[in-house]
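Keep the 3D view open as you read.

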Amino acid sequence: MPRATSDKFSRAHQPSAKASASKDAKSSSSSSAGRNPIFKTEQFGQHILKNPLVAQGIVDKANLRPTDQVLEVGPGTGNLTMRILEKAKHVTAVEFDPRMAAELTKRVQGKPEQRKLEIIIGDFVKADLPYFDVCISNTPYQISSPLIFRLLSHRPLPRVCILMFQREFALRLVARPGTELWSRLSANVQLYAKVDHVMNVGKNNFRPAPMVESSVVRVVPKDPPPPVKFEEFDGLGRILFSRRNKTVHGNFMAKGVIDMLEKNWRTWCAETNQMVEDNVVMKTKIEQVLTDMGYGENRAAKMDVDDLLKLLSAFHEIGVHFA
């Protein structure tokens, strides 16, 4: 797995125009009548969960044990945190806004929960994370992709993560092959984890209310993780899902793809002391793999993770790499 940095993953999973429009609309809503009068929550893309029943439901879905150490991302004023503290041994809360952290500190001051809570003020994507068994997050939408990949690359792996995202993002995480939302993001996450949809959360459960709906997902990392380099799997996905409804053959024949793979192949040959064939035709090598595997006329929109792994393995056997 790669290091989960915001630069790497924001480029790897660019939001759709629809998602960008939703984000713009959400920001517009946050700066209008729904603005929090005390905390400038819109500055950090944060929407405070105000419904206690939803907060309790999220904590219940985590099935916390008395021995659990919990990582909470984006605690805000602590509506989720206080319920987690009732169930867990210790909570580390990562909060970007110092004023939110101060409010949370006040809520536990002088109480038994104070000894069980540690607050890290800073950017979750860059923060040094402690050991944790469970992660619970009311995720600021702009770090959705960096957050989930950082959790999947963390060692040791957490037992379970209960994460709230913008609904479109959440539905992409749980999408299945052949459905409209099956994507490179879906495949990348499902390679390393089992993902289930837990609940829908309406926008009126937040203060200020965003313009988009939210959903909660349960992410259970595969332990041990599959012995596949993320960069290789993601590189293959980048080619196939660039046009998910085009044939696999068509995507490999796209401008620049063959040249890139030939360059990677020559690098592999040099590193492994393989003899470089005279007058090699990379296009022919690629087409031969697709023909042998029977995937040439398939479409990424209908290929599952196992299909992608088989194709990746076939290319590796002839020294063709994607990263």
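Val70 has Val91 in S3 as its bridge partner. That bridge is one of 5 joining strand S2 (residues 69-73) to strand S3 (residues 90-95), and the two strands run parallel. Two strands count as paired if DSSP finds at least two bridges between them. Helices (H or I, at least four residues) and strands (E, at least two) are DSSP runs, numbered from the N terminus. Helix H5 (residues 98-108) packs on the sheet and touches S3 and S4, with its direction at about 170° to that of S4. Contact here means heavy atoms within 4.5 Å, while axes are lines fitted to C-alpha atoms, for helices over the stretch in contact, and angles run from 0 to 180 degrees between N-to-C directions.

A word on where this comes from: the model is predicted, so local features need pLDDT of at least 70 and side-chain atom pairs count only at pLDDT 80 or more, whereas totals for chains, interfaces and linings use all residues. Residues are numbered from 1 along each chain as its sequence is written, and side-chain values use heavy atoms, leaving out hydrogens and water.

Now zoom out. The chain holds 13 helices and 9 strands, and 52% of its 323 residues are buried. "Buried" means under 20% relative accessible area (1.4 Å probe, protein chains only), "exposed" over 50%, and "partly exposed" in between. In an open sheet, 7 strands line up as S4-S3-S2-S5-S6-S9-S7, with mixed pairing. At the edges sit strand S4 (117-121) and S7, each pairing on one side only. On average, neighbouring strands of this sheet are turned by 20° against each other, direction ignored.

| Strand | Sense of pairing with S9 | Bridges |
|---|---|---|
| S6 (residues 160-166) | antiparallel | 6 bridges |
| S7 (residues 193-201) | antiparallel | 8 bridges |

Strands of a sheet pair through backbone hydrogen bonds, either parallel or antiparallel. Helix H8 (residues 184-192) lies across S7 and S9, running at about 115° to S7.

Is S9 enclosed or open? Because 6 of its 8 residues are buried, S9 is largely enclosed by the rest of the structure. Ser215 is found in this strand, which covers residues 214-221, and Ser215 counts as buried because its relative accessibility is 0%. The side chains of Ser215 and Asn200 make a polar contact of 2.9 Å. For a polar contact you need a pair of N or O atoms within 3.5 Å; within protein, one must be able to donate a hydrogen and the other to accept it, and residues adjacent in sequence count only if both atoms are side-chain atoms. Not counting residues up to four places away in sequence, Ser215 also touches others, including Leu163, Phe165 and His197.

Last stop, the cysteines. How many disulfides does a search of the whole structure find? The search turns up 0, a disulfide being a pair of cysteine sulfur atoms within 2.5 Å. Cys135 is buried, with a relative accessible area of 0%, and Cys161 counts as buried at 2% relative accessibility.
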